[in-house]
Amino acid sequence: MEKIILILALLFTNLIFSQNNYDEGMAQALELWQNDRPAEASDLFERIAIAEQEEWIPNYYVALVNTTRAFQNLDNKNVEDLVAKAQEALDKELNKDPENPELLVVQALIYTALIANDPMNNGQKLSGKVIQIYEQAEKIDPTNPRVILSKAQFEMGSAKYFGTDTQPICDRIEKSLTLFDTFKSEIAFYPKWGKEQAEQAISQCGK
């Protein structure tokens, strides 16, 4: 009986230790990204993902960090490398959970980065896929503010290009702002980004 109690105590201690390592590693990686050190942040997220394969959040951030870098370096030949790294990490989690709306948003953003980098070759090929992904994500969770905002921002680009009415899109961005105030998750390090982008997008509506 004493041996069983000891084994259970050791297992419980190991679980706490592992959770503490995970929390500390994630916090450090997010701090690196916040401090404009995305390559280091991506590497740390990747190491955490290898160690904590039951967690989808680390690979999510590997994908998001590298997709964000791709948008910031559209004239750089490394865009395709950044997108490939993002896609590889994202695929690992989409294969486990293809209906996770947060993962679907990043997939749509990856395609959008490819469109922005090479609109002539990728615009017609990928634009329909982007909309399809956002519609799928919205169907899964219509209360997710990143889904509503990202879909609206993608549609805004097309509307401005073709000169169509942007007011309905502005209304959806306004809706996302409301959702940012109400959307909650109990998952540690769950994505929270987007509210500042929504506020900025609203300020540009009607201009």
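First, the ground rules. Residues are numbered from 1 along each chain as its sequence is written. Because the model is predicted, local features need pLDDT of at least 70 and side-chain atom pairs count only at pLDDT 80 or more, while totals for chains, interfaces and linings use all residues, and side-chain values use heavy atoms, with hydrogens and water left out.

A pocket here is an open set of points on a 1 Å grid over the protein atoms alone, where a 1.4 Å probe fits, with protein on both sides within 12 Å along at least five of seven lines; lining residues have an atom within 4 Å of a point.

Helices are DSSP runs of H or I, at least four residues, numbered from the N terminus. Four of them, α1 (2-34), α3 (57-72), α5 (101-117) and α7 (145-162), each give at least two lining residues. The largest share, eight residues, is from α3. By class, the lining has 14 nonpolar residues (Ala, Val, Leu, Ile, Met, Phe, Trp, Tyr, Cys and Pro), three charged (Asp, Glu, Lys and Arg) and seven polar (the others, Gly among them).

Of its 17 lining residues, Arg-146, Phe-180, Pro-191, Lys-192 and Trp-193 lie nearest the centre. Both α7 and α9 (195-204) supply at least two residues, with α9 giving the largest share, three. This lining divides into nine nonpolar, three polar and five charged residues.
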